[in-house]
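User: I'd like to learn how to read a pocket and a sheet in a protein model. Can you walk me through it?

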Amino acid sequence: MTPSTSGTAPVRAALTGSAAPCWVNLMTRDLRSAQEFYGPVMGWSFRPGRLGQEFSVARRGDVPVAGIGAVATAFRVAVAWTPYFAVRDADVAAARIRERSGTVAVGPLTLGKGRGALAADRDGAGFGIWERTAPATSPPAPDDYAHAWLRLRTRSAFDAAIFYGEVLDWASGRPGACEVAYAKDEVVVECGGRQLARIGSGAVEAAPDPLVRPHWQVNFPVADVGVTIGAAREHGGSLVEELTRAEGREATLTDPDGGLFTVTDVHRASDAGPA
């Protein structure tokens with residue numbers, strides 16, 4: 001947490017981004033189609049990624065927001081938005097995943113300025129790990145506006161907190177480590193004093209509904225949920241679920257390729273309430 005020099009509230013580091021505890025990435029089948037959908041729906045622009053012609057970086061203004069890679073077919077994985085968590089050593093983290101009955105599907109591989117792996121926890125929720133080997137130079141999100149935050153829907157929030165804590169060094173007391181707290185029936189993960197993720201119980205591994213199966217849900221803040229729903233439908237997406245909470249509206253959508261994502265008019269994860 002960086003002290004403010006203007007006498008205002010402290011400015012905290014971004015939760016997601018190239019220099020943050022987490023980065024979000026869409027694994028899709030066709031890069032151009034994904035850009036043609038997310039550009040008008042989310043107001044993003046795109047620049048080529050450094051990982052090859054099948055990768056690009058989505059930006060809000062000049063700030064990197066997310067990665068998009070047309071690798072679902074090559075990696076034989078489902079189209080999905082996936083969080084990648086920062087680790088000190090990708091090989092150590094991958095070994096920890098396997099030791100705790102998780103699965104490492106791809107990697108660790110050397111990619112650009114780091115090494116990464118695609119994995120799943122023991123209940124089947126997909127996630128990635130990322131070891132940065134070069135310093136990040138991208139700017140953080142402006143003010144208190146997070147790029148995205150996360151919810152994990154899982155079988156047991158307590159068991160999941162133990163799994164991810166041991167893999168990712170949460171609540172380890174190490175400098176920069178994320179902290180874990182319990183709020184009612186949820187686990188809350190905080191990094192630098194701000195919520196990165198909430199973990200809730202009740203998911204069913206064999207459920208036919210993808211919203212009920214264990215999964216990481218990526219939430220993007222938008223100015224107007226209704227406008228975003230309309231834009232998604234106009235460009236080939238669909239509405240899966242819409243909720244109105246005391247703190248704001250949110251909607252879960254699918255892109256034309258089947259990738260699930262959530263938009264909300266709540267701009268701070270700390271205001272997002274229970275998962």
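User: How much space lies in the second largest pocket?

Analyst: A pocket is an open set of points on a 1 Å grid over the protein atoms alone, where a 1.4 Å probe fits, with protein on both sides within 12 Å along at least five of seven lines. Volume is the space filled by probe spheres set on the points, which are joined across faces, edges and corners. Here that comes to about 660 Å³. This is a predicted model: local features need pLDDT of at least 70, side-chain atom pairs count only at pLDDT 80 or more, and totals for chains, interfaces and linings use all residues. Residues are numbered from 1 along each chain as its sequence is written, and side-chain values use heavy atoms, leaving out hydrogens and water.

User: Which residues lie nearest the centre of that pocket?

Analyst: Lining residues have an atom within 4 Å of a point. There are 31, with Ala78, Val79, Ala80, Gly126 and His215 nearest the centre. Strands are DSSP runs of E, at least two residues, numbered from the N terminus; β13 gives the most to this lining, 4 residues.

User: And how do I read the sheet?

Analyst: Two strands pair if DSSP finds at least two bridges between them. In this model, 8 strands form an open, mixed sheet ordered β2-β3-β4-β1-β5-β8-β7-β6. β2 (45-48) and β6 each have a single partner strand, so one side of each lacks a neighbour in the sheet. Further in, β7 and β8 run antiparallel, joined by 7 bridges; Leu118 has Gly128 in β8 as its bridge partner.
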